[in-house]
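Colleague: I would like to learn how to read cavities and aromatic contacts in a model. Please take one feature at a time.

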Amino acid sequence: MTALNYDYFDQFKEQSLALKLLRSPHFSLLASFFHRAFIQSNQRSVPYQQLVALLDQHLFEIAELHGDERYPKSAKAYLDDWVNSRGGYLRKYLPQHNDEPECDLLPDVEKALRYLEEMQGRQFVGTESRLKLLLEMINSLVEGSSTDQSSRLLALQQRKTELEQQIIAVELGQDAGFSNTQIRERLFLLADVSRQLLGDFRQVEANFRSLDKQTRKTISLNGGHKGEVLDQVFSHQDVIEASDEGQSFSSFFELLMTPQLRDGMRKNLQALLTQDQAKELLQRDSLLSHLYKYLLEAGNKVNQTRQQITDQLRRYIQEQSQDNRRILELIREFEAKAHAYQARVHQSNIKTAQTPFCSIAGWHADIEPVFSRQLYQPNQSESFSQTDVNPNGAADVDLTALFALSHIDERQLERNILTCLQQSCGQVTLAEIVGQYPLQYGLEELVTYLKIACEGDVHADINEQQLQTIAWLAASESGDEIGAVGDETTPTRTIKTTTALWRRVQLPTVTFLRSNN
């Protein structure tokens, strides 16, 4: 047990979730809602959407009495704050074989609510039953821990004698049983023990997760090669099952599932709840009427969690022994840094945002102040002068290249094709058309014929297996100066000669066909 000194309480004051709940400005809302949704209804976990609906109804009831301004946010917003915030009050998780998340109270929150229940006081405080229970536990512990066979036999003989005396008293009608006060005292004790047992299941489940987390942390920090990891596989494979809480819970669940105990417990509870004192207790607390059901649900949930954690831990340890050594080494280094960072923050007792987790060298943020930007400048419209710069003079621009641009009349080429089709027997090749109508603009005109064959209204067949040669006569300028024209008033112009030049091209045979229309 940790020493309850000044340093412990000083750290406990900052880290305790129960104290955080008690000091919260929304304490009234938190405590009343959690007690109604989980403690009063004996619910282990509640589906998320159902919990939102319950909180919405709870907020509506508060708003009717105290107004809407006290809690202005929505039920979902409050619930997300209690789940997502660091050190939240609820644990949100996705159960197995279910797509809807569920929420459960954390153990410290339940302890705070139980403390508030204890602060109300009790109408009846029994001492006799507790003393007898204490004596029975002491005797049972002494008998079970003793290694002396003679002393154990003597204790069993005494119990046998007491049982025989009780049997004789019942046969003679001398045993009056418990008085009404004793029955009430034991009923209250039974309810308290049952409620405490149900509450302990949350702590058992949390301890299982803490044990799993600690084992993973140990494996991550130790590192090691495949052989060392395999040693940890065999040493930690059943770490959950071998723990004290794991063994105790296994015995509890095995005992709870025994048919004789199950049937006997149900039968005895039904007989007990028919008594007047039990009916009076059930009016205030219905726990005993569904005790076995609550124990079975809580035990089954913890058992599923234990099995799930055990399987995940076994799978996690086995993954450490795979051959992806470099990847696993990087993962272990990252996990070790995360654990060291957590321990550093915990020891220094500072906020997480004040201590960076890691940094990457060479990266920096580009700072662009607002005042480093230029001011906005509106667009200026262009204005043209209406005066002629040189109204009497000639332009000093050579427009020869502009007028030398050729223009292909596609309609004229189609007429050439139709004329050739009328003169032929219904089909004509591109070479025959060029032979009858020589190309005036060279390759550009030839490409226009091909465009008509592919996209025009005239049907055409292109045979890529058979090639045809098309030639045309092109003019080429030479640089030979044949003379100068001009006189005293006319500028001299140089005249260049032109020579004939044949050009040839090979392309698939294109045959134009006459349309049936």
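Modeller: We start with two terms. Domain bounds come from an automatic or database domain assignment. A cavity is a set of points, on a 1 Å grid over the protein atoms alone, where a 1.4 Å probe fits but cannot get out, and its lining residues have an atom within 4 Å of a point. This is a predicted model, in which local features need pLDDT of at least 70 and side-chain atom pairs count only at pLDDT 80 or more, while totals for chains, interfaces and linings use all residues. Residues are numbered from 1 along each chain as its sequence is written, and side-chain values use heavy atoms, with hydrogens and water left out.

Colleague: How many cavities of 30 Å³ or more are there?

Modeller: Three. Grid points are joined across faces, edges and corners, and a volume is the space filled by probe spheres set on the points. The largest cavity holds about 110 Å³.

Colleague: Why does the largest cavity lie where it does, relative to domain 1 and domain 2?

Modeller: Residues from both domain 1 (7-120) and domain 2 (127-146 + 160-330) line the largest cavity, so it lies between them. Among the lining residues are Phe 38, Glu 110, Arg 202 and Tyr 294.

Colleague: Which element gives the most to that lining?

Modeller: Helices (H or I, at least four residues) and strands (E, at least two) are DSSP runs, numbered from the N terminus. Two or more lining residues come from each of α3 (27-39), α6 (107-119), α9 (180-222) and α15 (291-319). The most come from α9, with three residues.

Colleague: What is the lining made of, by class?

Modeller: Ala, Val, Leu, Ile, Met, Phe, Trp, Tyr, Cys and Pro count as nonpolar, Asp, Glu, Lys and Arg as charged, and the others, Gly among them, as polar. The lining of the largest cavity has five nonpolar, three polar and four charged residues.

Colleague: Now the rings. How many aromatic pairs does the whole structure have?

Modeller: Rings of Phe, Tyr and Trp (its six-membered ring) pair if their centres lie within 6.5 Å; planes under 30 degrees apart count as stacked, over 60 as edge-to-face and the rest as tilted. The search finds eight pairs. Tyr 71 and Tyr 78 are edge-to-face, because their planes stand at 80 degrees, with ring centres 6.2 Å apart. Tyr 78 and Trp 82 have centres 6.1 Å apart and planes at 35 degrees, so that pair is tilted. Both Tyr 78 and Trp 82 belong to helix α5 (residues 75-84), where four residues, about one turn of the helix, separate them. Ring pairs join Phe 33, Phe 34, Tyr 71, Tyr 78, Trp 82 and Tyr 89 into a cluster.

Colleague: Is Tyr 78 buried or exposed?

Modeller: Buried means under 20% relative accessible area, exposed over 50%, partly exposed in between (1.4 Å probe, protein chains only). Tyr 78 has 3%, so it is buried. Trp 82 is buried too, at 5%.

Colleague: Which charged end sits over the ring of Tyr 78?

Modeller: A charge sits over a ring if NZ of Lys or CZ of Arg is within 6 Å of the ring centre and within 35 degrees of the ring normal. Over Tyr 78 this is Lys 73, at 5.3 Å from the centre. Lys 20 lies over the face of Tyr 89, 5.4 Å from the ring centre. Tyr 89 is in the loop between α5 and β2 (90-93), and counts as buried at 5% relative accessibility. Tyr 89 and Lys 20 are 69 residues apart along the chain, with C-alpha atoms separated by 9.3 Å.

Terms used:
1 Å grid on protein atoms, 1.4 Å probe; cavity = no way out; pocket = protein on both sides within 12 Å on 5 of 7 lines; lining within 4 Å.
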